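Q: Can you walk me through this model? I'd like to go a piece at a time.

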Amino acid sequence: MPASHIARRLAGVFLFASIPYAPTVAAQVAPPPLEAYGELPTLEDMTISDAGQIAMLTTVNGKRLLVVVDQSMKPKAAMEVGDIKVRGIRWVGEETIVILRSDTQELGWRFVADKFEFRNAMILPADGQGDIQTVFSNDRSMLNSIWGVRGYRHIGGKWIGYFGGIAMTMGQAGNYYFDSKTRAGLYAVDLKTNKARKVAASPSGNEYYDWLLDERGEILATLTFNDANGAWRIVNERRKEIASGNMPKGGGELMSFNVDGTKAIYDIFSEHGDDAYYEVSLDGSDKPKRIFADVDIDVLFTDRSDSRIIGYLPSAEEENDDPVFFDPAAQEKIGKVISAFRPVDGKLQSWTPDFGRILLTTAGNNDSGTWYLINTVEGRADVIGYSRPQIRANQVGPISTVHYKAQDGLEIEGVLTLPPGREAKSLPVIIFPHGGPRAHDEATFDWWAQAFASRGYAVLQPNFRGSTGYGDDFLHAGDGQWGKKMQSDLSDGLAFLAEQGIVDPQRACIMGASYGGYAAMAGISLQQGVYRCSVAVAGVSDLELFVRREFNETGSRELKDAWLEMMGSQSNLDEVSPRHFADKADAPILLIHGRNDTIVPYQQSRVMADALKSAGKPFELVDLGEEDHNLAHSATRKQMLEAAMAFVEKYNPAD
């Protein structure tokens with residue numbers, strides 16, 4: 001596509017200006033079309049190269065494009081990428097961009113599972129000239145999928161990507177097939193020719209490997225973890241053991257080198273995802289040492305060229321969650337940027353090695369999502385574009401954090417989104433629990449919550465017990481509380497808002513996806529008299545069936561035990577499974593599910609629908625076709641949102 005055509009198409013999408021932040025006084029406003037919330041963001045993702053070029057994933061005139069602009073923000077290329085599930089984009093040098101994507105595929109009769117979501121790496125020329133390639137696609141002996149990325153290195157004038165890859169098994173007839181028992185080895189892929197060579201063998205049995213590579217692409221540390229018994233060890237390039245231990249229900253990962261490259265930093269995490277970071281000398285001259293024990297880490301920042309650590313981002317639960325960089329000059333630059341954008345909760349996304357140019361996003365009150373380019377040399381911040389330009393600042397519902405006590409006195413935090421331009425008094429309300437359940441919601445723009453707020457509903461997203469971000473005690477307070485205290489934490493939030501006069505408790509519905517979908521089903525079956533309707537998207541209705549399927553497909557007793565620790569004793573799972581209480585359902589329920597869901601199978605909604613039908617209870621089932629668990633496609637997001645809104649407005653009208 002010629003650059004002049006790109007410029008004209010982007011003219012209505014991108015704007016270059018100074019920071020336009022000023023709190024807007026709410027007034028009665030007409031909402032945007034519902035599809036404005038369900039569509040994928042106009043600007044989905046963006047990354048900056050070492051030299052300052054920018055690649056952005058965007059939608060223009062209905063076409064999903066990867067657009068490349070040069071250092072002066074002039075369009076350089078645009079490539080159609082279609083309706084794919086993008087998991088990340090990044091520059092490799094100045095001539096290549098890699099897109100990580102995933103696809104759900106049928107497995108066939110050899111496998112216990114019907115489907116599996118495979119990841120791929122697409123190689124795109126930054127100038128838009130030449131073919132788009134997929135790693136391993138030109139080698140029929142390799143599974144066309146990647147199993148992790150271990151870095152990119154510039155070696156001998158070539159850019160090499162290091163990917164986990166699985167060699168196919170040759171059948172008697174000379175054909176190749178995927179054997180699910182085969183584990184990933186490490187392959188070096190020339191990103192120009194897409195030719196791969198194996199640089200580290202695959203493990204056998206129940207083991208998996210992880211590798212740490214220096215700037216030359218040499219493997220300086222290898223981690224071996226045994227899924228069956230949790231035994232792990234790390235060896236250096238001379239195969240000398242430098243660390244070992246046991247984590248029966250957890251896992252391990254090599255993260256980076258330390259600042260000077262003499263030590264390996266690794267993470268040994270529990271079955272609950274609790275991280276513990278250590279460092280150990282590569283030559284084995286000292287014992288492993290715990291690091292970052294006094295701070296909860298969200299992300300480790302590493303140098304793209306050699307995997308050395310340069311800083312970290314504390315998790316949101318930390319009192320100070322500003323990013324930390326070890327280089328004083330870098331920290332000074334970043335500190336000024338974060339300080340300037342603190343009122344609008346600016347978040348770093350990508351940067352050049354010298355931090356001369358930084359990509360940053362904001363989203364929240366009066367802001368449906370904005371991308372900025374920060375020039376720390378010139379001391380300026382320009383708006384690159386908006387995630388959802390159809391939703392104006394005064395159409396964003398006010399977002400705040402509320403605190404209330406559960407029935408047993410536990411402090412609960414929640415995110416409250418209110419209708420724009422309406423008095424916060426006796427409003428209809430949606431209780432909207434998050435998925436996971438080991439996750440949490442933050443006070444930011446949420447497209448789903450904002451859609452309902454735009455139609456006159458207050459939306460409460462409670463971070464119930466069992467949520468992350470509030471410490472281990474709070475996390476484990478949810479163990480065995482599915483359908484019990486985790487459920488009453490939600491209705492306690494409803495009671496709190498009613499006491500404040502913000503909502504009308506007689507006009508409440510419950511809605512959620514994944515675990516939130518389970519909670520939505522439980523809200524009208526395990527609880528009674530609380531909600532007027534329920535919307536469950538990709539929810540679990542039968543816990544015993546879910547756990548049994550997980551075990552049958554993975555063979556992992558450790559995974560099964562971890563689920564049971566969260567859910568409760570296996571002998572009692574039926575007591576908290578909405579499917580078995582369908583005859584108690586006291587409000588209509590809408591079930592929504594995609595058939596390509598490999599996390600919570602479509603079967604979970606199907607058996608709930610059958611139970612409700614047998615009990616003569618009102619329900620609807622919306623089939624999202626080939627959609628996955630994460631609602632990755634714009635068309636099915638809009639289908640889900642339109643069905644959910646129509647259902648809620650039917651049984652709990654806002655006016």
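A chat about a few residues, a helix and a sheet follows.

Q: What kind of model is this, and how are residues numbered?
A: This is a predicted model, where local features need pLDDT of at least 70, side-chain atom pairs count only at pLDDT 80 or more, and totals for chains, interfaces and linings use all residues. Residues are numbered from 1 along each chain as its sequence is written, and side-chain values use heavy atoms, with hydrogens and water left out.

Q: Ok, where is Asp489 found?
A: Asp489 lies in helix H6, residues 485–499. Helices here are DSSP runs of H or I with at least four residues, strands are runs of E with at least two, and both are numbered from the N terminus.

Q: Is Asp489 buried or exposed?
A: Asp489 is buried, with a relative accessible area of 0%. Buried means under 20% relative accessible area, exposed means over 50%, and partly exposed is in between (1.4 Å probe, protein chains only).

Q: Which residues does Asp489 touch?
A: Leaving out residues up to four places away in sequence, Asp489 touches Tyr404, Ala406, Ile412, Phe464 and Arg465. Contact means heavy atoms within 4.5 Å.

Q: What joins the side chains of Asp489 and Arg465?
A: A polar contact of 2.8 Å. That term means a pair of N or O atoms within 3.5 Å; within protein, one must be able to donate a hydrogen and the other to accept it, and residues adjacent in sequence count only if both atoms are side-chain atoms.

Q: New spot. Where is Ser514?
A: Ser514 sits in the loop between strand S34 (503–513) and helix H7 (515–525). Ser514 is buried too, at a relative accessible area of 16%. Its contacts, not counting residues up to four places away in sequence, include Gly435, Val537 and His629.

Q: Now helix H10. Which of its residues are buried?
A: Gln604, Ser605, Val607, Met608, Ala609, Ala611 and Leu612.

Q: And what follows H10?
A: Gly616 follows H10, and its phi is positive, near 70 degrees.

Q: Let's switch to the sheet. What is the order of its 4 strands?
A: The order is S9-S10-S13-S14, in an open sheet with antiparallel pairing. Two strands pair if DSSP finds at least two bridges between them.

Q: Which strands stand at the edges?
A: Strand S9 (149–155) and strand S14 (195–200). Each has a single partner strand, so one side of each is left without a neighbour in the sheet.

Q: How many bridges pair S9 and S10?
A: S9 and strand S10 (residues 158–165) pair over 5 bridges, in the antiparallel sense. Ile155 stands opposite Lys158 in S10.
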